[in-house]
Amino acid sequence: MSDNRAVVYRGAGKVSVESVDYPELVLRPGPGVPRRNENRECPHGVILKVVATNICGSDQHMVRGRTTAPEGLVLGHEITGEIVEVGRDVEYRKVGDLVSVPFNVSCGRCRNCTERRTDVCLNVNDHPGGAYGYVDMGGWRGGQAEYVMVPYADWNTLRYEDKAQAMEKILDLTMLTDIFPTGYHGCITARVGSGSTVYIAGGGPVGLAAATSAFFLGAAVVIVGDPNKARREHARGFGCETVDPLAGSLPEQLEQLLGVPEVDAAVDCVGFEAKGHKDGTEENAAVLNQAMQITRAAGGIGIPGLYVTEDPGARDESARHGSVSMGFGTGWAKSLTFATGQTPTMQYNRQLREAILNDRVHIARNVNATVLPLEEAARGYEEFDAGVPKKFVLDPHGLLRAA
Ligand code: NAD
Ligand code: ZN
């Protein structure tokens with residue numbers, strides 16, 4: 001049955017919208033599905049009609065050919081949808097429910113899940129951690145599609161009790177699937193609190209979500225650093241200070257803003273494709289080294305930015321295998337703390353949902369949520385890659401335009 005349209009990775013620089021199989025409550029063999037997951041039965045799953053699904057900077061790493069993602073992978077891990085079918089073992093979800101899906105796939109049963117560490121579930125992949133539509137994440141089919149299967153649905157879905165109210169704020173709520181919890185987790189792990197001064201590296205959607213979170217947590221000053229001028233301008237639009245971290249000394253720029261050359265907390269929202277020099281040349285450790293340089297002794301560094309184990313597009317051999325050249329001694333000497341990895345989305349999505357529904361935060365505005373029909377996904381990928389200050393939200397059934 002090929003009556004499902006989906007965004008498919010077709011090799012470096014290429015995505016296309018294609019007809020693929022309608023999902024079943026089974027994970028069929030396919031690109032990126034490890035042997036352990038082939039023909040895995042999911043009677044605990046549901047099938048969603050996708051209402052909103054976003055393009056992420058994490059997808060860009062794959063589409064730029066900077067990972068080992070296989071061709072034919074159906075992309076998409078930021079999924080909100082309406083349930084159209086429930087498996088035999090689903091108890092507390094029913095057809096018609098509108099749900100938000102954390103981008104992590106997790107079982108709710110293993111040691112890590114029971115400790116709320118759904119970022120490293122032990123049962124959904126052949127190594128810790130799973131996600132939809134992502135390289136090495138268990139082969140779970142992506143949700144940049146009309147329909148998608150979500151396993152362990154009682155556990156993996158956050159329901160909106162009032163569907164009409166949720167559809168009114170759907171462009172904010174769609175950010176609960178990943179970037180809002182991710183920015184928030186970056187701030188929490190960097191120990192941002194009332195009166196903190198914060199440096200956010202990266203003014204992409206994750207950086208802007210982190211900046212939004214820092215304000216929400218009570219930060220006194222939020223400084224977004226990005227070499228991209230349009231993104232800096234956008235960040236200033238909701239109260240952030242901005243710097244170009246590659247134009248001169250970062251500590252000196254911070255000193256001009258704060259009176260001291262350091263901040264209480266730093267959040268890396270860039271990852272391994274970081275630019276290290278004014279001419280745009282990459283240096284995968286650039287942000288990590290700057291963060292150590294400008295975070296005060298005893299401060300915290302949150303690292304949601306992605307670092308890979310294999311980077312076929314890297315310039316040097318060690319980076320090709322995921323090594324970064326960090327001045328770690330600086331971190332030791334300053335007793336800094338570091339936290340990295342996937343975000344355990346489920347730890348935050350419920351509270352952030354309430355903040356959105358009660359008008360405490362305006363995440364869609366701050367990340368400039370921009371709706372595109374699914375069929376125009378390739379254009380979204382292209383513009384996002386060019387650095388526009390937008391977060392693209394795909395609309396597979398025209399329900400967002402209607403809302
Ligand atoms: P993005 O590519 O849109 O944004 C990255 C920004 O960093 C760009 O604007 C770029 O100009 C800027 N940049 C490059 N070098 C820089 C430097 N040296 N200093 C400051 N800024 C620099 O991506 P995004 O969607 O905002 O995602 C950001 C990162 O977060 C990605 O690596 C993505 O994979 C990761 N991510 C992680 C999680 C998680 O669970 N940990 C979840 C979502 C996204
Ligand atoms: Zn994402």
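The axes of helix 9 and helix 10 come within 10 Å of each other and cross at roughly 45 degrees. (Axes here are lines fitted to C-alpha atoms, for helices over the stretch in contact, with angles running from 0 to 180 degrees between N-to-C directions.) That angle makes helix 9 oblique to helix 10; under 35 degrees would count as roughly parallel, over 145 as roughly antiparallel, 65 to 115 as roughly perpendicular, and the rest is oblique. The crossing is right-handed, meaning that the near helix is turned clockwise from the far one by less than a right angle, with anticlockwise being left-handed. At the meeting point, L250, P251 and L254 of helix 9 touch Q290, Q293 and I294 of helix 10, where contact means heavy atoms within 4.5 Å.

Before going on, keep in mind that this is a predicted model: local features need pLDDT of at least 70 and side-chain atom pairs pLDDT 80 or more, while totals for chains, interfaces and linings use all residues. Residues are numbered from 1 along each chain as its sequence is written, chains are lettered from A and ligands numbered from 1 in the order written, and side-chain values use heavy atoms, leaving out hydrogens and water.

Stay with helix 10 (residues 286-294) for a moment: seven of its nine residues are buried, that is, under 20% relative accessible area with a 1.4 Å probe and protein chains only (over 50% is exposed, in between is partly exposed). Among the buried ones are V287, L288 and M292. Their cover includes helix 9 (250-258), strand 14 (295-303) and helix 12 (328-333). Helices (H or I, at least four residues) and strands (E, at least two) are DSSP runs, numbered from the N terminus.

Now for another pair. Helix 6 (residues 179-189) and helix 7 (residues 205-216) have axes that come within 7 Å and cross at roughly 60 degrees, which makes helix 6 oblique to helix 7. The contact involves, among others, F180 and Y184 of helix 6 and V206 and F216 of helix 7. This crossing is right-handed too.

Finally, the metal. The zinc ion (ligand 2) has C56 (SG), H77 (NE2), E78 (OE) and D178 (OD) as protein donors, 1.9 to 2.3 Å away. Donors are N, O and S atoms within 2.8 Å of the metal (3.2 Å for Na, K and Ca), and sites may look incomplete because water is not among the atoms. The four donor atoms subtend angles of 94 to 129 degrees, so the arrangement is tetrahedral; for four donors, that takes all angles between 85 and 135 degrees. C56 sits in the loop between strand 5 (46-54) and helix 1 (57-63), and H77 in the loop between helix 1 and strand 6 (79-86), so the pair ties together parts 21 residues apart in sequence. Both C56 and H77 are buried.

Technical notes:
Tetrahedral: all angles 85-135°; square planar, octahedral: opposite > 155°, others 65-115°.
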